[in-house]
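Reader: Please take me through the model shown below, beginning with the whole chain and then turning to single residues.

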Amino acid sequence: MTPREASQASLEFGGPLGVTAILVLLPATMFHLLLVARSGPARLLGPPTYLPGLEELWSPQALLLLFIWLGLQVALYLLPARKVAEGLELKDKSRLRYPINGFQALVLTALLVGLGVSAGLPLGALPEMLLPLAFATTLTSFIFSLLLYVKALAAPVSALAPGGNSGNPIYDFFLGRELNPRLGSFDFKYFCELRPGLIGWVFINLALLIQEAELRGSPSLAMWLVNGFQLLYVGDALWYEESVLTTMDIIHDGFGFMLVFGDLAWVPFIYSLQAQFLLYHPQPLGLPMALLICFIKAIGYYIFRGANSQKNTFRKNPSDPSVAGLQTIPTATGRQLLVSGWWGMVRHPNYLGDLIMALAWSLPCGLSYLLPYFYLLYFTALLVHREARDEQQCLRKYGRAWQEYCKRVPYRIIPYVY
């Protein structure tokens, strides 16, 4: 079976028809959420109170601001890195090199934004530009994805992603044909994965906090919690940036519209939904409840970070004293599957921690509205789908060893539940 035949035999997301629907539904969902977050009823499932015209969506200033932001992050990416890491071995036996300087980019961005605000930069006005910024980012995502698709037409077979080589243009445009599209040493997918969208999310949150302070005299406790929790999440991702090199996004998925739109548009505009909601719908939050929410966040982060650190330490050095005593299952590939510690509790303990943290991000918004819990609902569906993809890939890769692992660790994400 050729690579293209194999790809056609295992089309995901409902094949070409499914991804065509997703190409429409993803941007539509994003704009729906942006509109209902600022509406009075704030109904997740109800229609927005109004639909903006093109004159409200299109803004040359928003497009310019987006390009300045992307240009800044490119410049910070190109600065000397504290470390350069090698990725996993590719089909042609080569290994790509990646700068590990994402946390440095976050800190330098914060310094530059701080200097700008002290010089009169109206960061608090950013929330009023979210709609045109989202429109500009969506338009840019479509054009960028098309350019990536065209670029991949000239890529060698060894450079193509396992799933984006079906021969159907719409499907391959969505999934991404090329695994690691680069311009020289600049890796487009790696750059977009953790830089412009993730860091942009932090500063959209900050702008919402500043505008709330301008409107009400000071930020609410709920807004402080949402900003703090999500800043910790982004800071953690960038501090442990090297671990992204072993994720499905990097080692398996091509770089097409799915990841381009997700990284550049969905993350900053949808992950900031709780802060957007709080700006337009302030919620009272007492100290006892705030402390309880902090405790829930701490539990989620403890599981998330503990599981990821254990996995990463074992991959780097199985003889490390912190993991040397863990039970493992040998595989035909020569790798070992952890079957004790965090990874003996459930097959994806990092997902469990992620979901608990997602709950903690939503709880400061109270229980009167479903809208702030969209992220939790969406993220649950995303992780269940991703877990299913993980299972299929691991079964193909590890065979009987994976079947044995599943017998010994029967629960996927939530102990005794799922």
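Author: The questions that follow concern a predicted model.

Reader: What are the dimensions of the box that the C-alpha atoms fill?

Author: The box is taken along the principal axes of the protein. Its dimensions are roughly 60 × 50 × 45 Å.

Reader: What percentage of the residues is buried, and what share of the accessible surface belongs to carbon and sulfur atoms?

Author: Of the 418 residues, 52% are buried. The accessible surface comes to about 19,000 Å², and the share of carbon and sulfur atoms in it is 68%.

Reader: Which residues does the UniProt record annotate as transmembrane, and what percentage of helix does the model show over residues 57-79 and 129-150?

Author: The unreviewed UniProt entry carries the annotation "transmembrane region" for several spans, among them residues 12-37, 57-79, 129-150 and 355-379. In the model, the end C-alpha atoms of residues 57-79 lie 34 Å apart, and those of residues 129-150 are 32 Å apart.

Reader: How far apart are the centres of the positive and negative side chains?

Author: The protein carries 30 positive and 26 negative side chains. The centres of these two sets are separated by 7 Å.

Reader: Is Asn-227 buried or exposed, and which residues is it in contact with beyond its neighbours in sequence?

Author: Asn-227 belongs to helix 10, which covers residues 221-239. Its relative accessible area is 11%, which is under the 20% limit, so Asn-227 is buried. Once neighbours within four places in sequence are set aside, its contacts are Asn-205, Leu-206 and Leu-209.

Reader: Which residues does Pro-41 contact beyond its neighbours in sequence?

Author: Pro-41 is also found in the loop between helix 2 and helix 3, and counts as partly exposed at 31% relative accessibility. Leaving out neighbours within four places in sequence, Pro-41 is in contact with Thr-49 and Tyr-369.

Reader: What is the phi of Phe-13, and where is Phe-13 found?

Author: Phe-13 is partly exposed, with 23% relative accessible area. Although Phe-13 is not a glycine, its phi is positive, at about 60 degrees. Its place is the loop between helix 1 (3-9) and helix 2 (15-37).

Reader: How far is Pro-410 from Gly-87 in space, C-alpha to C-alpha?

Author: Pro-410 is found in the segment after helix 17 (400-408) and counts as partly exposed, at 46% relative accessibility. Pro-410 and Gly-87 are 323 residues apart in sequence, and their separation in space is 31 Å.

Methods: Residues are numbered from 1 along each chain as its sequence is written. This is a predicted model: local features need pLDDT of at least 70, side-chain atom pairs count only at pLDDT 80 or more; totals for chains, interfaces and linings use all residues. Side-chain values use heavy atoms; hydrogens and water are left out. UniProt positions are given in the numbering used here, feature names are shortened, and annotations may be inferred rather than shown by experiment. Helices (H or I, at least four residues) and strands (E, at least two) are DSSP runs, numbered from the N terminus. Buried means under 20% relative accessible area, exposed over 50%, partly exposed in between (1.4 Å probe, protein chains only). Accessible areas come from the Shrake-Rupley method with a 1.4 Å probe; for residues, only the protein chains shown count as cover. Lys and Arg count as positive and Asp and Glu as negative; His and the chain ends are not counted. The place of a charge is taken as NZ of Lys, CZ of Arg, CG of Asp or CD of Glu. Contact means heavy atoms within 4.5 Å.
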